[in-house]
Every structure is written in C-alpha cells, then in structure tokens.
Amino acid sequence: MLTPQTIPTPCYLIYEERLRSNLRLISDVSRRSGAKIIMAFKANAVWRTFDIIGEYCRDFTASSLNELELGNTTLGGDAHSYCPAYTDDTIEKYIAGSTHITFNSLDQARRFAPKALAAGVSTGLRVNPQCSVIETDIYNPALPGSRFGVTADCIGACLPDYIEGLHFHALCESSSHDLEKVLKAFEDQFGHLLPQVKWVNMGGGHLMTRAGYDTEHLVKLLTEFRKRYPWLEVILEPGSAFTWRTGDLLASVVDVVENQGIKTAIIDASFACHMPDCLEMPYKPAITESVDAAEGLPSYRIGGNSCLSGDFMGDWSFPQALKQGNRLTFEDMNHYTTVKTNMFNGIAHPSIALARSDGKVEYLRQYDFSDYKSRMC
Ligand SMILES: Cc1ncc(COP(=O)(O)O)c(C=O)c1O
C-alpha cells in the first residue's frame, strides 16, 4: 500500500483533507459576504481533483482557450474568460464557451464586445486602479506602465454601452487590508462608472486560506461594498487560495557533493523544472525535515538534478548529515507549481498523487518517456 512515507519520489502529493478545508473556508466567505467566488485555473489545473472541488464550486475563470475547455468539460459552471488580447481567430471560441468575457483594452472591447453581447455573453472591461501593493515586480499587475487594464483617464465620464461589468486585478498573495487600499483607489477612480454596470470582478490574489488572513475583515469589506452598490454582483477569482498548502513535493537525496566547503545535496527533482517559483519569485521553500540553523548542525544547499548552474537553493540545516536515500518534503508545492513545471533536460517529471481523507494514497498520474517525446516533434 502506498503511503506518504513510501511512495516513490519524485512525487507531488496532494492532500484531500487540506483541499476540502480550503474549499469550506472559501464557501463560507462567499456565503457570508454574498460575493461569488470562482476558481482561477492558472493556479491549479490538476483536473483529477475537480470532483472534490466541484462539490463546493463549479464556476471558474479561464485565461486561455485550453483553460476554458478544461473548465467547461470538468467543472461546467459559469465560465469567466479574461485574456490580455483576443484575436479574430480565438474570439469565436471564447464567445461560444464563456458566460462572461473581460476585455483588456477599449479597442479590444470595441472590436469584440458587441458580438459577445449579441451572443448572450456578459462583457466586462478590465481597469487598472494604479494602486501598487505588491513588492515583487513580476507579480505586480499595477506596476507603472503595466499592460493590464485601462486607466481612468482613458475612459472619461462614461463607459461604452456594450460593457456590462468592470474587472480589476491588483493583488497577489495579499491580505484583506491590501484589498481595502485597492478598493478605495478603484472607487475613487471608477466609482462614477458603477451605476452603468451589473457586476464588478475584484480579480485574484485574495489569500483568504493563509493562516492569519483576516476573513472577518474581508467579509465586512465585501458586505459594505455591496451595501453601497446593491445592484452589483461582486465576483472574486482567486487561484492560490483554493490550493494553498494542499500539497508537497516529495524528493530524495541522490548524492552529496562538496566544493570549497559548500555541501550540496543533489535531489531527484529540480527547482528549475519542478519548483520554478522558488527561482522566479524568488523564495526559499520550507523543507519539513530541516531544522532552524544552529552552530554545529550540518547545513546544505539543495541542488536540482538538471544542468542549469542556478538550479539550487540554500541553505538548510538538518539534525543529521544528509545521505543518499534521505527523503525531503518541499512544502506547499501545489498552487502554481504543478501547472508551471517543465521537462527541461528531459528530467523525470514527478508523479502526482492524492492522499485521500481516509489515508489511502493513489496515483493520479505517472509520467514516462512518452510524455517527454510527445511534447516535441
Ligand atoms: C486576472 C487574474 N485573475 C486571477 C488571478 C489569480 O490570482 P491568485 O492565484 O493570486 O489568487 C490572476 C493571477 O495572476 C490573474 O492574473
């Protein structure tokens, strides 16, 4: 029988009970605030877990035709699409598959929104409240000069009559207090347009499932906003919040090397291929087996099994010296990680497994040479 301790590595192990706990919290916030909370696929496309997710939430937001098809063929709820630029070739499919489409520019809206409306799709315009609360530039949609959303000065006194909703997205792993700042900027700049629309989508980045997130404050903000604009449907589209801390990457040490006093434990996985946000963000993930650094404890860089020089992170301390065969648990490697992996170097892709609430562990997917070969031609 497979267990988290014995399943072969490398493996992403997702925990059903942790997922359900997030889903319960999100459903509760939705019920208490009256806001519709839909799931952003960009953070999670492990569709074999959608039977579980669908028990709580079937509405979703898609940022590509692939995500749209995945949503329509699995969750099947309301389909909100937003992509930075639609083309003559893609818009028909978006219209056929979406209940809502948000446009990123006035020109895109002018070209495509009347057609979408005529087909019964609700149309929105993404606006940019120019309120930066994110410190990491590549995750900051409100960075000066951002390509996302129309600024207030370009809209003027009223919206084109083919727009039914407004959308803003300015958060990333943010608190309700960050939302409060952005919401104020949004209302200051776009409040005069709200009588003309039916819905407001407040984007993603609401990390309501993180320990310490002030959900009461979020519910209050949303409830008060709805009181100010009772005709509006309020929508949130978080991604990370759904799968935050729901899965780990299990890896094993395959060798330990030393160079100029620096010890590196090489694992059967890779930061570049299997934990890309660690290098991109960058951030140092928690390893369950590591301990706080203390004098005399063995410390290591952890190195990926790829040939990219920068495929390492450091340093972690361990109670004992690491040796070949030791298992390491890289925590919180489900949201965004599982959708962003790659097969650089042809390196073995971790399997994906689910630990059921009753403790049983089952494979959702195992990868082999055919997966590597079929990506290429
Ligand atoms: C438009 C939009 N909506 C929703 C999300 C989901 O954000 P998060 O996963 O941070 O909640 C993103 C993330 O980039 C986004 O760009």
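How many residues apart do Glu224 and Lys220 lie in helix α8? They are four residues apart, which is about one turn of the helix. Keep in mind that this is a predicted model.

**Ligand site**

- The ligand has 13 residues around it, and the closest are Gly205, Glu237, Gly239, Ser240 and Tyr336.
- Sort that shell by class and you get four nonpolar, six polar and three charged residues.
- Gly205 uses its backbone here: one of its polar backbone atoms is 2.7 Å from an oxygen atom of the ligand.
- Gly239 also comes in through the backbone, with an N or O atom 2.8 Å from a ligand oxygen.
- Tyr336 brings its side chain instead, placing an N or O atom 2.6 Å from an oxygen atom of the ligand.
- On its own the ligand has 390 Å² of accessible area, and the protein covers 86% of that.

**Salt bridges**

- The count for this model comes to 23 salt bridges.
- One of them pairs the side chains of Arg32 and Glu216, at 3.1 Å from N to O.
- Arg32 sits in helix α1 (residues 16-33) and Glu216 in helix α8 (residues 215-228), so this pair ties together parts that are 184 residues apart in sequence.
- Arg32 is partly exposed, its relative accessible area being 31%.
- Back to the opening pair: Glu224 and Lys220 meet through their side chains in a salt bridge of 3.7 Å, N to O.
- Glu224 is partly exposed at 34% relative accessible area, and Lys220 is partly exposed too, at 48%.
- The closest N and O atoms of the Asp188 and Lys184 salt bridge are 2.7 Å apart, and both residues are exposed.
- There's also a network of salt bridges, which links Glu16, Arg20, Glu55, Arg356 and Glu362.

**Nonpolar surface patch**

- Leu279, Leu308 and Phe344 make a nonpolar surface patch of about 230 Å².
- Phe344 belongs to the loop between α12 (337-340) and β16 (351-355).
- With a relative accessible area of 37%, Phe344 counts as partly exposed.

**Cis peptide bonds**

- Thr9 and Pro10 are joined by a cis peptide bond, with omega at about 0°.
- You'll find Pro10 in the segment before β1 (11-15).
- Met281 and Pro282 are joined by a cis peptide bond as well, and here omega is about -15°.
- Pro282 is in the loop between α11 (276-280) and β13 (299-303).

- Arg245 isn't a glycine, yet its phi is positive, at about 55°.
- Look for Arg245 in the loop between α9 (240-243) and β11 (247-259); this residue is partly exposed, with 42% relative accessible area.
- Gln260 is another residue other than glycine with a positive phi, near 50°.
- Gln260 falls in the loop between β11 and β12 (262-267), where it is exposed, with a relative accessible area of 78%.

Technical notes. Residues numbered from 1 in each chain as written. Predicted model: local features only at pLDDT ≥ 70, side-chain atom pairs only at ≥ 80, totals over all residues. Heavy atoms only, no water. Near = heavy atom within 4 Å. Polar contact = N/O pair within 3.5 Å; in protein donor to acceptor, adjacent residues only side chain to side chain. Areas by Shrake-Rupley, 256 points an atom, 1.4 Å probe, with all protein chains shown as cover. Nonpolar A, V, L, I, M, F, W, Y, C, P; charged D, E, K, R; others polar. Patch = residues over 30% accessible without salt bridge, like charges linked within 9 Å, V, L, I, M, F, W, Y side chains within 5 Å. Salt bridge = Lys/Arg side-chain N within 4 Å of Asp/Glu carboxyl O. Helix = DSSP H or I, 4+ residues; strand = E, 2+ residues; numbered from the N terminus. Buried < 20%, exposed > 50% of the residue type's maximum accessible area, 1.4 Å probe, protein only.
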